[in-house]
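Here is a colleague's note, written for someone reading a protein model closely, point by point. Please keep the sequence and the structure open beside it.

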Amino acid sequence: MNLSEIPLGTTINDRYELTKKLGDGAGGSVYKAHDRHLDAIVAVKILDPTHDTLGMPWQEARLLQQLRSRYLLEVLNADIVINSDLRFIVTSLMNGGDLENHCRPHGLLPSEVAQRVQQIASGLDRIHRAGMLHRDVKPGNAMLNNDQTVLGDLGFCHLLDSDGITPPNGSFCTVAPEALGANGKCSKATDVYSLAATTFYLLSGEYPVDHQISRQEQNDKIMAGSLRELRSIAPHISRAVGSVVRKSLSRDPAKRHSSVTEFGNALAQAVQGSRDWERVTHADHLHCLIGANHGAKKAVRVCAIASNDGKIRVSAKMHASGRQISGYPDRHITESRLAIELQRLTSSL
Ligand SMILES: Nc1ncnc2c1ncn2[C@@H]1O[C@H](COP(=O)(O)OP(=O)(O)OP(=O)(O)O)[C@@H](O)[C@H]1O
Ligand SMILES: [Mg+2]
């Protein structure tokens, strides 16, 4: 049987009926499936036999089994497709899919991000305490089921050597600079950086380096530390949250938070105390934000709209009534001032 040819409706080993494709990646293809024995819906990852597993094809499944945690994907079975050399891993189905999709197009509320990042940090800490690195922390490798977030795809986990180092690995969207180049290597700080880059995406729907540009350009920007400014892309993110993320995206690993737990806790603390803002899409508007109820303060909305004179009109209104907020008259600004104006409004309202 060929990996790319498995049609939906196929039943593997007279047990797992594949009903929907959930994802594809370097490690294999993942399907939603009906487990006939347990009469349960599960996820089946059929491993790509050409993928380099360093002679340890069961490593991903075994690690999930050994490290079991509420914050790591739960493994249910691992087997070989009868009459083939295809191996597969069965895991609990995470109904909400992965965080890369869940955060489209503009990211999540900062309070939700902080909760989910703390959960991913707990799963990652479990791996670190076992003396390993994950080496591919990214939104596509974290999955959710309602409020629960788990880290998955442990296919690139690697044991640390006596100096706390592993060979390099990572995906361009979240990889740290020290994992790139001819002498690339990873340490715990590399996973901290990837968690911070994941957080950047969860807050904004964008990666620290534009994912659309060529791989060589991404490589050069990551190595040079020339990352995008989170608060320019997502002006509603508070200064405190921006500083936490920036610290762990430092080019120098020693300047980052010292552990993933420390990063998660700093993020949770930075989020507390300020109003939650969410970017929303209104037809024909440029950039709109809704600020949630906050203590005695009622929900508000800020809309930036292109006007005929080439300028942008920015207005702040009470969300329920649509009434203008006193002390906040409409402002007409140039496009280059938009992020600053949105930062000003969201931090003061
Ligand atoms: N248990 C699950 N429940 C729901 N969706 C899942 C589950 N496992 C995997 N997926 C989906 O399948 C995708 C690919 O899974 P995974 O990351 O394990 O494979 P991969 O081939 O190693 O991917 P990549 O190389 O892109 O990192 C995930 O991003 C997610 O969308
Ligand atoms: Mg993956």
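Does Asp309 count as buried or exposed, going by its C-beta neighbours inside 10 Å? The first point below takes this up, after a word on conventions. This is a predicted model, in which local features need pLDDT of at least 70 and side-chain atom pairs count only at pLDDT 80 or more, while totals for chains, interfaces and linings use all residues. Residues are numbered from 1 along each chain as its sequence is written, and chains are lettered from A and ligands numbered from 1 in the order in which they are written.

1. Asp309 counts as exposed, because it has 8 C-beta neighbours inside 10 Å; a residue is buried if 20 or more other C-beta atoms lie within 10 Å of its own, exposed if 12 or fewer, and partly exposed in between, with the C-beta atoms placed from the backbone. Asp309 sits in the loop between strand S13 (300–306) and strand S14 (312–318). His332 is 23 residues from Asp309 in sequence, and their C-alpha atoms are 9.6 Å apart in space.

2. On the overall build, the protein chain has nine helices and 15 strands, where helices (H or I, at least four residues) and strands (E, at least two) are DSSP runs numbered from the N terminus. The radius of gyration is 22 Å, close to the 20 Å that the globule rule gives for 349 residues, so the protein chain is as compact as a globular protein of that length; the radius is taken over C-alpha atoms, and the rule is 2.2 Å times the number of residues to the power 0.38. Along its principal axes the C-alpha trace spans about 70 × 45 × 40 Å, and 38% of the 349 residues count as buried.

3. The protein chain is divided into domain 1 (3–92), domain 2 (99–271) and domain 3 (277–348), with bounds that come from an automatic or database domain assignment. The centres of domain 2 and domain 3, taken over C-alpha atoms, are separated by 30 Å. Nine residues of domain 2 are in contact with nine residues of domain 3, contact meaning that the C-beta atoms of two residues, placed from the backbone, lie within 7 Å. The side of domain 2 that touches domain 3 has three nonpolar, five polar and one charged residues; here Ala, Val, Leu, Ile, Met, Phe, Trp, Tyr, Cys and Pro count as nonpolar, Asp, Glu, Lys and Arg as charged, and the others, Gly among them, as polar.

4. Which residues are the closest to ligand 1? Of the 23 residues that surround ligand 1, the closest are Gly23, Gly25, Ala26, Gly27 and Ala43, a residue being near a molecule or strand if its C-beta atom, placed from the backbone, lies within 6 Å of it. The elements that give two or more residues to this shell are strand S2 (16–24), strand S3 (28–35), strand S4 (40–47) and strand S6 (87–92). By class, the shell holds eight nonpolar, 11 polar and four charged residues. Ligand 1 lies between domain 1 and domain 2, because both give residues to its shell.

5. The largest nonpolar core has 71 residues, of which Val44, Leu195 and Ala196 touch the most other members; such a core is a set of buried Ala, Val, Leu, Ile, Met, Phe, Trp, Tyr and Cys residues joined through C-beta atoms within 7 Å. Its largest share, 10 residues, comes from helix H4 (residues 188–204), and domain 1 and domain 2 each supply at least three residues. A second, separate core of 10 residues includes Ala304, Ile312, Ala316 and Leu342.

6. Some backbone details deserve a careful look. Most residues other than glycine have a negative phi, and most peptide bonds are trans. A cis peptide bond, however, joins Arg104 and Pro105, with omega about -5°, and Pro105 lies in the loop between helix H2 (99–102) and helix H3 (110–129). Phi is positive at Asn83, near 65°, and at Arg135, near 70°. Asn83 is exposed, with 8 other C-beta atoms within 10 Å, whereas Arg135 is buried, with 23. Arg135 is found in the loop between strand S7 (132–133) and strand S8 (142–145).
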